[in-house]
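Below are some notes for a colleague who is about to look through this model.

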Amino acid sequence: MFKIFKKKNIEKTNLGSKVSSNQMRFSAVILIGYRNMSINKLRSFLTVGGVAIGIAIITLLISLGFGIQGMVIREVTSNNPGNIIDVGNNSLENFVIFDKSAIGRIENIEGVKDVEISANIGGKFIIGDSQTDVVVNAISEKYLDLASSNIDLEIKKKLFLNPKSVAITPKLATLLGFENPDDSIGKQVEYSMIIREEMLTNDLEDSKEESQKEDQNKDKVLTIVGIVKDQTKDDAVYAYVPIEEIRMVYGKVAGQSVKVSVKDESMVENTRLQIEQLGFSTESVLDTIADINSFFSVVRIILVAFGVIIMSISAMGMLNTLSVSLLQRTKEVGILKALGAKRRDIFKMFIIEAFLISFLGGTIGIAVGYGIAKLINYIINMIAGKYGVASANFVEIPSIFVISIALFIFILGVVTGLFPALRASKLHALEALRYE
Amino acid sequence: MTEEKKEIVIKVAGVKKNFIVGEQSIPVLMGIDLEIFRGEFVLLVGPSGCGKSTLLHTIYGLEEPTVGTVFIDDDDIWVKTKDWRANFRNQNIGFIPQQPFWIKSLTVIENIAIPAIITGKTFAEGIEIGAKLIELVGMSEWANHRPYDLSGGQQQRIALARSLLLDPKFIIADEPTGNLDRAAGEKLMQLLLDISEQFNITILMVTHNTDQYKFGTRIVNMVDGKIMSDVVNKGSLTEIKKDKN
């Protein structure tokens with residue numbers, strides 16, 4: 001029965017009172033922490049649950065925040081690539097046209113790939129007895145490639161197949177006497193335009209006089225090739241006409257605005273600066289993105305403040321649990337110290353328990369928060385699908401957020417575990433054993 | 001006793017201990033000199049409040065003396081660091097407190113393994129040694145129960161198993177039978193005596209119970225913080241056994 005002792009006793013005698021310095025294994029400390037949580041199931045459940053709810057709410061809000069921000073930016077940039085700069089007049093008083101020399105100056109700027117002009121011209125459309133005022137967007141095919149446009153590919157193809165084509169808005173079709181806008185497709189429309197003299201440029205091959213002359217002689221009829229729905233305004237009245245046709249009829253019409261494509265998105269800011277130095281104003285989708293980002297930064301600050309409040313409550317719950325745990329386990333600390341546990345062993349036991357609570361709460365919280373966000377995404381997409389709206393992903397957890405949460409969980413563990421762990425480690429063995 | 005048995009294991013040298021209560025200094029130990037030899041089963045007896053437990057705790061390295069010191073195997077334990085004393089207790093002394101204290105969330109066998117865990121072993125390693133000791137104290141069937149489910153006597157047997165886990169040089173027991181009925185107390189004392197005799201483990205035990213004097217090979221009687229008598233117990237079971245042989 002005492003076999004195990006015999007050999008050991010010999011070793012012990014040889015050992016004298018040699019003392020080796022050891023400390024409790026990490027795995028053993030984790031097991032004790034886990035067991036302590038298991039034995040106090042309800043308390044552990046409530047504490048871990050408190051942390052999990054806090055983290056879940058933050059994850060839900062942040063993942064929706066990042067997701068919606070990403071979705072908005074994707075929508076904005078889908079038709080507006082980041083490397084396109086819109087160039088226009090600096091002010092209404094200082095009317096600038098984009099003639100050959102202006103375009104040349106822009107083209108010479110480093111990083112500029114393409115420069116395409118457009119002109120908005122006031123005019124009149126006539127079909128039989130119906131006539132209406134209209135704004136004509138005179139554009140090139142390449143301009144449409146650079147622009148955010150509501151013209152679908154089919155119409156675009158038809159529009160530039162024959163320069164004597166026009167795409168009109170539904171409201172314009174109605175004003176021209178078509179109850180159903182689609183009925184206007186294929187119909188011919190007569191037009192006249194008011195071209196201001198400043199818009200005719202000298203530095204293009206033809207003179208103004210020639211242009212005026214041509215105006216009188218040309219056939220001013222266009223064929224309607226498509227209906228273009230304006231996504232922002234139902235009653236918009238305008239038309240797209242190839243600039244080639246306008247120039248053929250009215251002469252060399254200069255641009256009122258241009259789109260500049262830059263070789264690389266990183267060069268946009270520098271190119272804009274140089275264009276602005278030429279006296280033009282510029283706009284880029286990057287401005288919009290910056291505005292969106294700035295708006296969502298404010299939203300995030302609010303969410304973080306909200307999250308800090310929630311987590312403060314969770315942290316107080318954790319601190320309470322750990323303090324109660326310490327009181328209940330004072331005698332355990334006493335016997336462990338009496339049996340040879342060092343301060344650092346006791347400290348580890350309590351801090352690890354705090355980490356276990358925050359780690360479990362954090363992991364469950366992230367999973368639940370992300371899961372709920374995904375569920376909301378799924379339900380909304382399902383409802384949207386029934387109404388024929390395209391589905392979208394508006395839930396995102398950026399890796400930086402996951403790293404931040406991991407860091408936050410670590411800090412939460414340290415902050416809430418530190419005080420009880422220090423208090424426990426400082427307890428005197430005998431006082432702890434006498435604690436009632 | 002043979003010369004070998006006369007090897008000093010514990011030497012208490014001029015130990016005085018005062019407790020400070022408010023502004024008062026209350027003397028509890030008033031100059032204790034004591035030598036304990038290897039293999040002895042020493043019973044520290046005396047009325048309540050005479051300083052038995054304080055002396056025991058001073059020897060165990062938990063209560064620092066106001067004056068004097070304690071040598072164990074020539075090591076002056078009170079000039080060493082706190083961590084040294086903690087490691088020393090863990091690796092060299094078995095401790096049985098009056099009330100057995102447990103880690104509530106662990107099973108009986110895991111609690112027995114605790115000294116090994118403190119010394120840096122895994123639970124598996126500790127349990128492997130503990131399994132043999134729980135058999136030694138006849139409690140194997142309770143290995144996977146919670147310690148507080150057991151009776152007082154059973155718990156003290158488990159505490160004995162725990163104290164033996166790291167093969168200690170000696171055992172310090174602070175009235176281990178204080179909360180037990182007579183039969184359970186006798187059983188535990190017999191177990192302690194068997195272990196002391198078979199493995200030459202020195203035992204220093206505080207007791208109030210005069211019925212248990214027969215188990216001790218030496219009886220040190222304390223009164224008011226002083227040793228009043230220190231005698232070899234001629235009527236001990238060990239001596240009787242020797243005489244019979």
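What percentage of the 436 residues in chain A do buried residues make up? They make up 38%, where a residue is buried if 20 or more other C-beta atoms lie within 10 Å of its own, exposed if 12 or fewer, and partly exposed in between, with the C-beta atoms placed from the backbone.

1. Basis of the notes. This is a predicted model, in which local features need pLDDT of at least 70 and side-chain atom pairs count only at pLDDT 80 or more, while totals for chains, interfaces and linings use all residues. Residues are numbered from 1 along each chain as its sequence is written, and chains are lettered from A, with ligands numbered from 1, in the order in which they are written.

2. Chain A as a whole. Chain A holds 15 helices and 9 strands; helices (H or I, at least four residues) and strands (E, at least two) are DSSP runs, numbered from the N terminus. Of the contacts in chain A with a separation of 6 or more, 85% are between residues 24 or more positions apart, two residues being in contact if their C-beta atoms, placed from the backbone, lie within 7 Å.

3. The side of chain A that touches chain B. The contact draws on 38 residues of chain A and 36 residues of chain B. On the chain A side, the elements that give two or more residues are α1 (3-15), α2 (26-39), α12 (330-338) and α15 (429-434), and the largest share, 8 residues, comes from α2(A). By class, this side of chain A has 18 nonpolar, 12 polar and 8 charged residues; Ala, Val, Leu, Ile, Met, Phe, Trp, Tyr, Cys and Pro count as nonpolar, Asp, Glu, Lys and Arg as charged, and the others, Gly among them, as polar.

4. A helix pair in chain A. Helix α3 (residues 41-78) of chain A packs against helix α13 (residues 343-386) of chain A at an angle of about 40 degrees, and their axes are 6 Å apart. Axes here are lines fitted to C-alpha atoms, for helices over the stretch in contact, and angles run from 0 to 180 degrees between N-to-C directions. That angle makes α3(A) oblique to α13(A), given that angles under 35 degrees count as roughly parallel, over 145 as roughly antiparallel, 65 to 115 as roughly perpendicular and the rest as oblique. The residues of the contact of α3(A) with α13(A) comprise 18 nonpolar, 9 polar and no charged.

5. Strand β4 of chain A and its partners. Strand β4 (residues 165-168) of chain A runs parallel to strand β6 (residues 221-227) of chain A, joined to it by 4 bridges, and Ile168(A) has Ile227(A) as its bridge partner in β6(A). With strand β7 (residues 238-242) of chain A, β4(A) runs antiparallel and is joined by 2 bridges; there, Ala167(A) has Tyr240(A) as its bridge partner. Two strands pair if DSSP finds at least two bridges between them.

6. Helix α9 of chain A. Helix α9 (residues 243-250) of chain A is mostly covered, with 6 of its 8 residues buried, among them Glu245(A) and Arg247(A). Gly251(A), which follows α9(A), has a positive phi, near 100 degrees.

7. The antiparallel sheet of chain B. An open sheet of 4 strands has the order β2-β1-β4-β5 (chain B), with antiparallel pairing, and its edge strands are β2 and β5 (75-76) of chain B, each of which pairs on one side only. Strand β1 (residues 8-21) of chain B is joined to strand β4 (residues 67-72) of chain B by 5 bridges, and Lys11(B) stands opposite Phe71(B) in β4(B). Helix α1 (residues 52-60) of chain B packs on the sheet, touching β1, β2 and β4 of chain B.

8. Glu35 of chain B. Is Glu35(B) buried or partly exposed? Because Glu35(B) has 14 C-beta neighbours inside 10 Å, it counts as partly exposed. Glu35(B) lies in strand β2 (residues 24-37) of chain B and touches Ile8(B) and Lys11(B), residues up to four places away in sequence not being counted.

9. The mixed sheet of chain B. Here 6 strands form an open sheet in the order β6-β7-β8-β3-β9-β10 (chain B), and the pairing is mixed. β6(B) pairs with strand β7 (residues 170-174) of chain B in the parallel sense over 4 bridges, and Ile96(B) has Ala173(B) as its bridge partner in β7(B).
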